[in-house]
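Please open the model in your viewer and keep a selection panel at hand. The tour below moves from one selection to the next and says what is found at each stop.

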Amino acid sequence: MHRFLSISSKSTFLRNRKQLHLPFTCPISCATPNGHSCFHYLNQKSASLGSRIGLHRLFSSGYFPNRFNLREHERDGNGFLRLKGLVGEVRSFSSEADRESIEYDVVIVGAGPAGLSAAIRFKQLCQEKNADFSVCVVEKGAEVGAHIISGNVFEPRALNELLPQWKQEEAPINVPVSSDKFWFLTKDRAISLPCPFNNKGNYVISLSQLVRWMGVKAEELGVEIYPGFAASEILYDAENKVIGIGTNDMGIAKDGSKKENFQRGVALKGRITLLAEGCRGSLSQKMMKKYKLRENVQAQHQTYALGIKEVWEIDENKHKPGAVLHTLGWPLDSKTYGGSFVYHMQDRQISIGLVVALNYHNPFLNPYEEFQKLKHHPSIRPLLEGGTVLQYGARTLNEGGFQSVPYPVFPGGAIIGCSAGFLNVPKIKGTHTAMKSGMLAAETTFGVLHEGSNMEAYWDALRDSWVWEELHKARNYRPAFEYGLFPGLAISALEHYVLKGKSPFTLKHGKPDHEATNVARLHSPIQYPKPDGILSFDVPTSLHRSNTNHDHDQPAHLRLRDPNIPANVNLPEYAGPESHYCPARVYEYVPDEKNHLKLQINAQNCLHCKACDIKDPKQNIEWTVPEGGGGPGYSVM
Amino acid sequence: MKIMVAVKRVVDYAVKIRVKPDKSGVETQNVKMSMNPFCEIALEEALRIKEAGLAKEVVAVSMGLANCVDTLRTSLAMGADRGIHVEAARELIPLTVAKILKKLVGVENPGLLILGKQAIDDDCNQTGQMIAGLLGWPQGTFASKVVLDKEKQVVTVDREVDGGLETLCLDLPAVITTDLRLNQPRYATLPNIMKAKSKPIKKYTPEELNVEIKSDLEVVQVTEPPKRKAGVILSSVDELIDKLRNEAHVI
C-alpha cells in the first residue's frame, strides 16, 4: 500500500562531493546531491539551494575501454562477481524540503513491453498469493504507447506465458505472417536470397498499439500508470541503495527560472525500483556506470543501430496482410551493417524502415537520407506509389546481444528490457525477450517483497531461462560482420546452417560505436538526392508526422559536457556528424554573427531516439529526459 | 459561490490529423486526445478565482461518450472539486451543449460559467454565446483578463477584440469565454492525479435533463484544403486582368 508522506521536514544535506580516481580501470563519478543537473537551480536564491550554485557535474569518461583481448572469451554462467561496494565515494542523498514523496512497493520506470510485463506479472503473483503490494509505472510519453516504435514482427512466446488469453481479450495481434522474403539489393535490382528467418507462428503488429492494450490490462489488475511524468533522477538512501526515482520539475523556463506554472517534481519511493526505459535508457546508463554492472560480469560494451521507420497507407491491391520482407545491401555499402524491412499490417497499412548499425565509419553518413533513397529502389517504389505516409519515427536499438548483457541488478532494483539489452539480432526481435526479462524480474521482486529473498536471483533466473539460451545461440551473427558484409554473411550462414548455435567460439564486438567514426578527411561528403515530396520527404515534413512536440520554453534536455567540443572537435575533425545522423535535425551548424559555424540544438524536435548519446565521437552529448509529456506521439508505430 | 467550467475532449493539438478515406470526418481512432487548450485555460482561471478565496467550489462538466471521463479526471487532477459527465452517444452541436448546460446551471446554480472560447476540432466559437443567450446572462467572450469583485457581485473582463482590448463590467451571474493570453494552465501533479481518483463524477443523461438531442446540422463532407499551387509571375497588367476575369472569375 502506498501512502502520502506529507512534505518532509528540512533535513541536512550531506554536501561532500569528492571524485576519486582509482586506477584507471574504474573511474568513479560523483553526482550532484540529487543526481540531477543543477541547471534548473542556477537562478534560485533560496538558502537551502544556495550552496548548489556553481557546482558542476563530474562525469566519468563515458566509455568503457575495450579491455577484452582474449579471442575466445566464453561467458561463464557462474562467473559473475558480487557487486563491490563503492570505495571511498561519499554519497549525498536527496531529501529536499519542498518535494512531495509518495511510496509504493514497486516503482517501474517506463510503460513499454518490459515495464508493463513486469507490472502485470507482479500483480498476477499478488493475486495468486493474496498479497497486497502497490505498483506504480511512470512513463515519460504523454500516453502509454506514445514513445513505442518497433518493426514489428512479434513472437508471442512471452505473451503466451504472461496473458495466455490474449486472443480472446482482443489484443491487437491479428495479422499472422503470411510470407517471408529476403532480398539483396543493388542500385537497380533485388536478388532473392534464401530466407534465414523462421516466422511461422509470428504476427505483424504495431507495438505501440500492443503496448496500449497491455497498459489497459495492467490497470485492470490494479497497476497505477502515470503517463506524462519523466523519471529524471534516482534516489538513494544513506547506504547507496536505490530507494526510488524523482520526476522532473515542470514549468522551468529556458533560462532556468521558474515559470508561473512551476511544479516541483515528486519523489516516488519504491522498495524495489525497476528500470525499463528502453534502449540506452538515461537512468539505466547511470546505474551501469555507477555500479559497474558491465565490468562485474566482464560484459562487452553495448553496440547499437538506428532504426528509422514510416507507416504508410497503400493501395488496396498492393497490400498483402502478413507479408514480411527484409533486405540487405543497397543503399548501405559493404562496410556498413544494416538493412531494411517492409511489413504489411492490417487496414492497408505497412511499416517500412531502415536500420543502420551505429558503428559506421563515414561521418557524413545520414541514415535518414539513406532511408529516403531506399524508398526509390525499383523494387520498393511501386509498393508505395499512390500511398500516403501516416507516421514517421526513429529509435536506436541494441545489437550487442549476449556479449553485452550487463549484470542487471543493483542495490534496490534491477534493469529490465532493452535498457539491459536482450534483443536477438539474427531474429531481429527484442520484444519477446524484453517482456520475458520483465516477467522474471517481477517474479524475483515478488520473492523479495513477499518472502525476503534477494534481487540477485533475477540474474540466475535470466540465465536459466529461454532468453539466455536464445541470446547464446544468436551471439556470433552480428560480430561476424566486423569482418565486412560478405565474410559476415558467410560466417552467419555457417552459424545458421552448420553449427546451429553450437559454435565453440564467441566472437567479440569491435570498437564502441562512437569510436568507430573516422575523421572527415578520410571521406568525402555524400550528395543525397532532393526529396520528391511523394516518396521521399525532407526532415521537417517527416517530423511533423511523428507528432513530436515539447514545450519550447524549457532548458534544452540535450546537454554538452564540454560546450567547446562541438566547435573544436566535432566540426573540424568529424564534420559535425550529429548534424548528419540525427533523424530529427536537432543539431545544426549555423553561422553566428561573426560567420563562424556554431552548433545549434533544436531540442524541441527531439524524437528521444538516443543516437546522439551513443554516436557522439567524444561522448560529449548527454541525453537527459525533458519535461514529461513531450516527445513523439506514436500511435501505429 | 460556485464556478462551473465546461471542458471538451478533442484531438490533441500536436497531432497531425488526417481526413478519413470516406470523407465523413477526421480520423479519431488511435489518435491522441486531450483537453481542449482553451478549456484548460478556462479551468485554470476558475481555479485561480477559487484559490483567491472568491469562490467555494469549481465544478467541471463534459459531454460525450464514456471516454470524456478521462478529461474530467484531468480537470479534477488540476484542482476541480467535482465532475459532471453527461453521456451522449453522438457528436453534440453547440446548441445542444448550450441547452444541456442550461439545465445543469438550473441544478447547480453557479455564479460564474467559464468556457473556452472555441474547441480546436470544430472551431465553432458558439457555445459560450449561446448559453449566455439561453440563460439571459451577460457574457464576456475572448477574455484576456478577469477580475472578480465579490462584494459588488460584478466581474470585469478585458476582451481581445479586433480593434484592441475592450473592458466590460458584467453583473454576476455571467458567462465568460477564455482566450489564449488569459493565463498559463498549471500542470496536474502526480499526487493530485492520485487524489483525483477519489473525487466524485456525477453522471447524467440528456433524457434526465429533458433535453432532446437532435441535430439541425448534417456533415455532408470533410475534405482537406486544396494543396497550395505555385504562384505565377505575370508580365503585364493586361495579362493580370485577363487572368482575374477568365481564370479566377473575381472580376
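A residue is called buried when its relative accessible area is under 20%, exposed when it is over 50%, and partly exposed in between, with a 1.4 Å probe and protein chains only. What you have open is a predicted model, in which local features need pLDDT of at least 70 and side-chain atom pairs count only at pLDDT 80 or more, while totals for chains, interfaces and linings use all residues. Residues are numbered from 1 along each chain as its sequence is written, chains are lettered from A and ligands numbered from 1 in the order in which they are written, and side-chain values use heavy atoms, with hydrogens and water left out.

**Chain B as a whole**

Begin by selecting chain B, whose C-alpha atoms fill a box of roughly 70 × 40 × 40 Å along the principal axes. Its secondary structure comes to 6 helices and 11 strands, where helices (H or I, at least four residues) and strands (E, at least two) are DSSP runs numbered from the N terminus. Of the 251 residues in chain B, 45% are buried.

**The nonpolar cores**

Next, select L268(A) and L274(A), the residues with the most contacts inside the largest nonpolar core, which has 90 residues. Such a core is a set of buried Ala, Val, Leu, Ile, Met, Phe, Trp, Tyr and Cys residues joined through side-chain atoms within 4.5 Å. Helix α8 of chain A, residues 431-451, gives the most to this core, with 9 residues. Which residues does L274(A) touch, if those up to four places away in sequence are not counted? Among them are V106(A), V107(A), I108(A), V109(A), A414(A), I416(A), A441(A) and M455(A). Another core, of 68 residues, lies apart from it and includes I149(A), L354(A), L358(A) and L543(A). In soluble globular proteins, nonpolar side chains tend to be buried together.

From L358(A), move to Y483(A): the two are 125 residues apart in sequence and 16 Å apart in space, C-alpha to C-alpha. Y483(A) is placed in the loop between α11 (477-480) and α12 (485-499) of chain A, and it counts as partly exposed because its relative accessibility is 42%.

**Salt bridges**

Over all chains, the structure holds 40 salt bridges, each being a side-chain nitrogen of Lys or Arg within 4 Å of a carboxyl oxygen of Asp or Glu. Select K259(A) and D551(A), whose side chains meet in one of these at 3.4 Å, N to O. K259(A) lies in strand β13 (residues 258-263) and D551(A) in the loop between α13 (539-545) and β22 (558-560), both of chain A, so the pair ties together parts that are 292 residues apart in sequence. K259(A) counts as buried, at 12% relative accessibility, whereas D551(A) counts as partly exposed, at 32%.

Then pick K375(A) and E310(A), which form a salt bridge with the closest N and O atoms 2.8 Å apart. This pair links distant parts of the chain, 65 residues apart, with K375(A) in the loop between α6 (367-374) and α7 (381-384) and E310(A) in strand β15 (residues 304-313) of chain A.

In chain B, select R18(B) and E27(B), whose side chains meet in a salt bridge at 3.6 Å, N to O. R18(B) counts as partly exposed at 23% relative accessibility, and E27(B) counts as buried at 17%. For a stop that involves both chains, select E260(A), E44(B), R48(B), E51(B) and R186(B), which are linked in a network of salt bridges.

**Backbone geometry**

Most residues other than glycine have a negative phi, and most peptide bonds are trans. With that in mind, select G151(A) and N152(A), which a cis peptide bond joins with omega about 0°; N152(A) lies in the loop between β3 (135-139) and β4 (153-154) of chain A. The peptide bond from L172(B) to P173(B) is also cis, with omega near -5°, and P173(B) has its place in the loop between β9 (164-171) and β10 (174-178) of chain B.

Finish with N240(A), which is not a glycine and yet has a positive phi of about 70°. N240(A) is found in the loop between β10 (231-236) and β11 (242-247) of chain A, and it is buried, with a relative accessible area of 13%.

Terms used. Contact means heavy atoms within 4.5 Å.
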